[in-house]
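Hi,

Here is the structure I promised to pass on.

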Amino acid sequence: MTAAHWYQRFLPRTLAGRRTLVGYIFISPFILGFLLWFIIPAGVALWLTVHDWNLISPPKYVGAKHLVTMWEDDRFWKSLSVTTTYTLVSVPVGLVLGFGLALLLNTKVRGISFFRTAYYLPSIVPAVANAVLWAWIFNTEFGLANAALRFFGLPKIAWLQRPEWALPALILVALWGFGSGMVIYLAGLQGIPDVFYEAAEIDGAGRVAKLRHITIPLVSPVIFFNLIIGIIASFQVFTIARLVTNGGPQNATLVYVLYMYQNAFQNLKMGYAAALAWVLFFIVVALTLFVFKYVGSRVHYEDAQ
């Protein structure tokens with residue numbers, strides 16, 4: 001069949017059909033990527049949850065064994081506890097810091113673009129470079145953190161060697177990258193019409209009143225968005241814990257995804273790791289639905305009826 005015959009046979013004859021075909025061609029990269037990198041791997045992971053597989057011998061069906069093992073696994077509960085603590089601290093503090101900084105940078109003064117760029121830059125530093133940098137900062141003998149403590153006459157801290165300080169150190173690393181949330185807040189703040197503030201000033205409202213009754217309600221969709229993204233990202237934290245502490249000391253920084261990685265690629269327990277991945281999926285979905293139900297109802301939308 002020649003190219004002309006193929007063209008006449010398979011190409012839609014109507015304009016609407018041709019537009020539909022063009023549309024499918026344009027979205028085909030996303031569809032293929034979604035199938036190859038999400039749906040198929042997720043299906044394989046779901047199949048592995050009821051199998052034992054060490055990447056060498058054939059998979060062996062074990063039923064609900066992994067769920068029973070998980071329930072009795074102290075390191076599973078430890079990783080879940082560490083990740084929950086990390087989320088409960090890093091997400092709210094990150095939201096407040098990002099919003100506060102966006103308020104400060106939402107001004108029209110000379111050189112403000114430099115400060116906006118400077119605060120945003122840490123969020124685009126490569127993860128590995130970020131981990132190496134902070135491992136040096138928290139070095140007990142030569143790090144900048146202890147150098148600052150010595151400058152103020154305070155004793156040095158073994159940040160990455162003591163269990164009570166290791167997780168706070170990782171949380172500080174997470175807070176260092178709140179620039180991405182700040183940029184989103186800044187976009188939301190700049191979308192508020194000045195007429196609201198002008199009307200409030202006429203009524204005698206001060207800065208606190210304008211912040212409480214105008215700024216926060218109108219930026220609440222952005223706050224809600226950053227909250228959802230922050231929760232999802234915090235439960236997926238991995239790189240900094242893997243490269244800086246590798247879960248130590250004494251499992252103090254054994255975050256959930258790191259424990260899943262250890263089971264999959266160090267212990268070669270692919271089935272158990274797949275079960276852990278699906279449990280994480282359901283945890284994140286449950287938390288997201290909870291936040292949508294109890295926090296999403298408080299979000300103010302201008303076009304809400």
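A quick word on terms before the findings: I call a residue buried under 20% relative accessible area, exposed over 50%, and partly exposed in between, using a 1.4 Å probe and protein chains only. Bear in mind that this is a predicted model, where local features need pLDDT of at least 70 and side-chain atom pairs count only at pLDDT 80 or more, while totals for chains, interfaces and linings use all residues. Residues are numbered from 1 along each chain as its sequence is written, and side-chain values use heavy atoms, with hydrogens and water left out.

Overall picture first. The protein chain has 14 helices and two strands (DSSP runs numbered from the N terminus: H or I of at least four residues for helices, E of at least two for strands). Its radius of gyration, taken over C-alpha atoms, is 25 Å, well over the 19 Å that the globule rule gives for 305 residues, so the chain is more spread out than a compact globule; that rule is 2.2 Å times the number of residues to the power 0.38. The C-alpha atoms fill a box of roughly 75 × 60 × 40 Å along the principal axes. Of the 305 residues, 36% count as buried.

The part I'd look at next is α13. Eight of the eleven residues in this helix (256-266) are buried, so the rest of the structure largely encloses it. Those are Tyr 256, Val 257, Leu 258, Tyr 259, Met 260, Gln 262, Asn 263 and Ala 264. They pack against α4 (74-105), α12 (239-245) and α14 (270-294). Just after the helix, Leu 268 has a positive phi of about 55 degrees.

How do α4 and α13 sit together, in angle and axis distance? They pack at about 145 degrees with their axes 8 Å apart (axes are lines fitted to C-alpha atoms, for helices over the stretch in contact, and angles run from 0 to 180 degrees between N-to-C directions). On the α4 side, Arg 75, Phe 76, Ser 79, Leu 80 and Thr 83 meet Tyr 256, Tyr 259 and Gln 262 of α13, a contact being heavy atoms within 4.5 Å.

Phe 76 turns up again in the largest nonpolar core, a set of 64 residues in which Phe 76, Phe 138, Trp 159 and Leu 276 touch the most other members. Such a core is made of buried Ala, Val, Leu, Ile, Met, Phe, Trp, Tyr and Cys residues joined through side-chain atoms within 4.5 Å. Beyond its neighbours within four places in sequence, Phe 76 is in contact with Met 70, Tyr 256, Tyr 259, Tyr 272, Leu 276 and Val 279.

Now the salt bridges: there are four, counting a side-chain nitrogen of Lys or Arg within 4 Å of a carboxyl oxygen of Asp or Glu. One of them joins Asp 52 and Lys 65 at 3.0 Å, N to O. Asp 52 is in strand β1 (51-52) and Lys 65 in helix α3 (65-71), so this pair ties together parts 13 residues apart in sequence. Another is Glu 141 with Lys 156, whose closest N and O atoms are 2.7 Å apart. Glu 141 is partly exposed at 43% relative accessible area, and Lys 156 is partly exposed at 44%. Glu 201 and Lys 210 also pair, at 3.1 Å, N to O. There, Glu 201 is partly exposed at 49%, whereas Lys 210 is buried at 14%.

Cheers
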